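Here's a walk through a multi-part model, taken one piece at a time. Have a look at it first, then read on.

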Amino acid sequence: MAQRDDKSVSATLAAATCALLGGTASAPVKAQEEPKWEFNTALLYYGEDDDRVQDASLSILAIRDFLDEQSLALGLSVDTLTGATPSGANRSNGAQTFTRPSGRGAYTTAAGDLPLDDTFRDTRVSLSANWQQPLGRMNLVNVGATASREYDYTHLGVNGGIARDFNQRNTSVSAGIAISRDTWDVVGGSPEPLSLMSDVGDLGNRTGEDSKDVIDVVLGVTQVISRDLITQFNYSYSDSSGYLNDPYKIVSVVDATSGDTVPRQRGPGVEGPDYQYRFESRPDNRAKHSLYGQAKYYMDGKVLDASYRYMTDDWEIDSHTIDLRYRWPMGENGYLEPHFRFYTQTEAEFYTIGIVDGEPLPSYASADYRLGDFDATTIGLKYGWTTAGGSDLSVRVELYSQDGDIPSDRLRGNQIGYVEYPDLDALIVQFSYRFSR
Amino acid sequence: MAGCSNMGVESWDRDVLAKDEMQLIVDPLEAATDDHIYFSKEASSGGRSFGGGGCGCN
Amino acid sequence: MRLCEKGPSSNYANLLMHVRRILILLLVLPALSYVSASASDTLDLDEYSGKVVVVDFWASWCVPCRRSFPWLNSMHDTYADQGLVIVGVNLDNEEDAARKFLEEYPPKFKIAFDSNKEMAREFDVIAMPSSFVIGRDSAIVATHHGFKVKRQDEYEAVIRKALAED
Amino acid sequence: MPGAGPQRKLEISREEGCWKAQFLAMGSPCELLCDDDDEVAARAAAQAVATESWRIEDKFSRYLRGNIIDRINRAGGARIDVDEETARLIDFAVTLYELSDRRFDITSGSLRRVWTFDGSANVPKKADVDAVLERVGWHKVEWHGSALRIPPGMEIDLGGIGKEYAVDRAAAMARDQTTASCLVNFGGDLAVSREPSTRDAWSVGIEALGGGAYAPDTIIRLSAGALATSGDAQRFLLKDGVRYSHILDPRTGWPVQGAPASITVAADTCVQAGMLSTLAMLQGEGAEAFLEAQGCQYWLGQARCA
């Protein structure tokens with residue numbers, strides 16, 4: 001090509017074309033390749049009441065279709081977490097001071113308030129990738145990897161699965177496995193389970209051991225019942241082993257009769273707790289089984305989606321979950337989807353609201369509210385619509401509330417009527433936008 | 001599962017089942033977000049697919 | 001759970017096909033001639049005797065069917081003058097879904113509507129899409145369950161072979 | 001002047017959702033898809049497009065006796081006056097000759113005498129190529145804007161521009177005849193007359209554009225402008241493991257090395273799309289770099305194994 005800069009070639013060509021065709025007005029070219037990438041994006045706000053945890057997150061899932069139903073899905077999500085979360089200590093009628101997990105500095109909870117640990121602020125980035133392709137006519141295999149990073153926690157996982165269709169694709173059997181390793185790296189090291197919370201600067205009770213391995217297996221059957229009804233049944237088994245504690249959770253040491261948190265003597269001229277708290281201790285293994293059933297039923301335009309899950313584990317936690325969604329077409333290309341979810345769980349056998357002073361230490365103890373006995377309900381409404389260009393938008397608003405109770409026989413002395421399960425009310429708002437390029 | 005063989009539809013009658021809103025997981029991103037919220041607030045997880053997790057959320 | 005087909009038929013199916021070939025022909029021929037009249041034109045196989053006919057069952061909601069249309073169009077362009085006739089038999093339950101599809105993927109080949117699914121049952125369609133290559137001697141020479149873009153050359157080879165036999 | 005050719009018939013049929021007109025012109029199947037419900041308007045558009053295409057074919061085809069190209073090629077060195085349309089086409093060809101650094105040359109037709117690309121191995125000898133080169137080279141032509149004199153034995157061929165020119169002319173005709181959107185498709189060179197209203201775009205399976213083996217499921221949704229493809233994966237020579245593409249460099253008389261099997265370009269007009277793809281093809285290995293520099297939308301087809 002002439003050494004002229006290539007850019008001018010198309011300009012000269014355009015002028016020459018005009019001369020040739022005599023300037024017949026034709027619209028500038030609009031040629032777009034059939035979109036290959038589908039982008040699912042979501043902006044989520046999760047906020048608990050009375051300044052507990054707030055989470056704002058942006059998530060993107062990009063799915064690329066290749067020939068003959070091979071596809072690649074790449075996921076990225078970024079969460080920013082603020083607010084505070086119950087540390088596990090009981091409230092008391094005097095102010096309470098706690099050493100920060102890093103061992104540098106302390107924070108104080110006012111009298112009567114539920115102790116909340118606010119060293120919780122964090123940003124979490126998580127990535128996922130999954131490849132799926134057919135294997136022969138009736139099988140579909142997939143393999144994937146997940147990873148996430150917070151300032152004090154790292155997750156790395158791989159997963160894979162296979163699904164096989166039978167009798168004209170009315171029945172499909174699937175099996176999947178996921179293996180992951182998660183590692184805490186708390187500033188200064190994770191505290192020794194059941195060790196006493198020490199003064200600021202004293203890292204005597206710190207250990208380095210802080211990672212866990214999780215293996216998940218899911219076996220499923222999907223069965224088409226009729227033209228409008230499809231069902232799915234899954235059994236899943238999950239085994240976690242290693243460091244299963246939450247390094248920031250503590251349990252108050254309480255007096256056998258009064259139930260009040262037992263005082264402690266601080267070192268001279270040093271900041272630190274004036275009462276005794278011990279870091280929680282959980283077993284280093286947990287086996288979970290769960291059964292899940294889902295049915296989707298089409299009633300000329302409207303779709304009912306109902307599912308039930310039962311879970312039990314060797315920490316004596318049993319849970320039941322019911323999830324109902326009813327999708328209603330609204331107008332030409334919109335829909336409304338009310339959502340109701342009910343969850344209930346029994347408490348872990350080592351869940352306690354106090355380690356009794358003077359008695360031999362239990363092997364395991366945790367006051368983490370997530371291991372308690374509570375019910376949770378979610379009520380939500382989602383409105384979605386499809387734009388002229390074929391993109392899907394939706395907004396959903398949901399209220400999630402947990403309320404638990406501590407059986408009175410577990411309360412002692414002044415705790416009765418004073419120490420309660422930390423109920424929770426949270427607002428969930430999510431905007432979703434799905435488009436293809 | 002013998003009873004299963006006559007359940008189901010002919011291959012050409014899958015138009016309803018092919019609709020987006022009839023997929024078992026309609027919005028994979030929302031499903032993942034929900035799984036994650038509930039994983040970090042409750043003691044159970046997953047069921048639909050692998051348990052959530054991978055976070056030190058508390 | 002995948003909704004429609006993605007691959008070639010197995011050898012067992014071919015063996016079965018030879019056995020049933022004569023039977024299907026008897027059933028199919030008359031059936032073909034009175035496929036639902038709502039089609040823009042009734043499909044009459046006798047009209048194509050001596051030609052190679054590809055009967056392709058499709059529906060608007062089936063993604064691999066959508067992928068097969070550009071290929072069927074190019075087969076039509078390439079081999080129509082050598083005696084290839086392609087018939088796209090639609091199995092949608094709602095016909096306007098089919099028409100909307102056809103506007104977006106204009107076919108160069110003939111379209112028939114089998115609204116009462118009689119042809120689909122005669123041909124024993126067990127996957128979507130399914131295509132049947134009928135030789136010049138009106139015998140079914142090949143059956144393809146599903147449509148794989150990667151296997152287009154193989155499907156084309158079957159058509160060329162059928163066209164070559166006189 | 002040659003009348004309408006023997007097999008010049010125009011078939012019009014109602015395909016799903018649009019009118020389809022089919023005819024043969026310039027040696028390839030031509031098609032007009034018209035989104036118009038009104039049959040009369042659609043038939044009028046089809047007739048106008050077919051007539052214009054046949055007119056261009058009769059006037060500029062080098063296979064027909066007595067037209068302007070034939071008179072130029074058999075002038076035996078005499079000066080031939082040309083009409084205004086022919087002059088515009090030649091001026092356009094001269095611009096391309098300069099733009100392409102003498103690689104696009106409408107006088108390179110006679111190289112066909114020594115090169116036939118049928119997949120065989122009969123690559124011509126250098127001496128034969130050099131002999132033909134004597135009668136190639138626009139710089140040997142006297143062109144004065146309305147009259148042309150070419151050395152005896154030289155031939156000019158406007159085929160490289162003619163088809164895309166016909167597509168743009170056809171699109172213009174269709175634009176005048178009907179307000180509905182029409183898709184003109186002459187053997188893989190396409191243009192849209194107006195932006196479609198009843199559909200959001202015309203779907204064009206790139207496989208249908210001919211040329212090499214693109215990713216077969218590439219489907220382009222064209223709602224305005226044009227597409228053109230140059231290159232043909234089936235036409236090449238293979239000798240001692242070396243693949244000779246059918247694109248000849250008129251300055252050397254030998255095939256261009258390393259050109260993609262085929263290039264499809266999208267542009268405002270079919271002429272631009274066609275010339276960009278041809279100029280890129282003439283770049284050989286530099287094809288993709290050239291197209292990137294132009295900032296146009298393009299698709300490369302890899303050579304399909306023989």
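How many residues of domain 1 of chain D are in contact with domain 2 of chain D? Nine of them are, and they meet 10 residues of domain 2; contact here says that C-beta atoms, placed from the backbone, lie within 7 Å. Before going further, note that this is a predicted model, where local features need pLDDT of at least 70, side-chain atom pairs count only at pLDDT 80 or more, and totals for chains, interfaces and linings use all residues. Residues are numbered from 1 along each chain as its sequence is written, while chains are lettered from A and ligands numbered from 1 in the order in which they are written.

So where do those domains run? In chain D, domain 1 covers 7-60 + 159-199 and domain 2 covers 71-157 + 230-301, with bounds from an automatic or database domain assignment. Their centres, taken over C-alpha atoms, sit 27 Å apart. On the domain 1 side of the contact, helix 5 (159-177) and strand 8 (189-192) of chain D each give two or more residues. Helix 5 gives the most, with seven. (Helices are DSSP runs of H or I, at least four residues, and strands are E runs of at least two, numbered from the N terminus.)

Elsewhere in chain D, helix 6 (residues 270-281) and helix 7 (residues 287-294) have axes that come within 8 Å and cross at roughly 140°. Those axes are lines fitted to C-alpha atoms over the stretch in contact, with angles from 0 to 180 degrees between N-to-C directions. Among the residues meeting there are D:Leu276 in helix 6 and D:Phe290 in helix 7.

Chain B, finally, has one helix and zero strands.

Key
Two residues are in contact if their C-beta atoms, placed from the backbone, lie within 7 Å.
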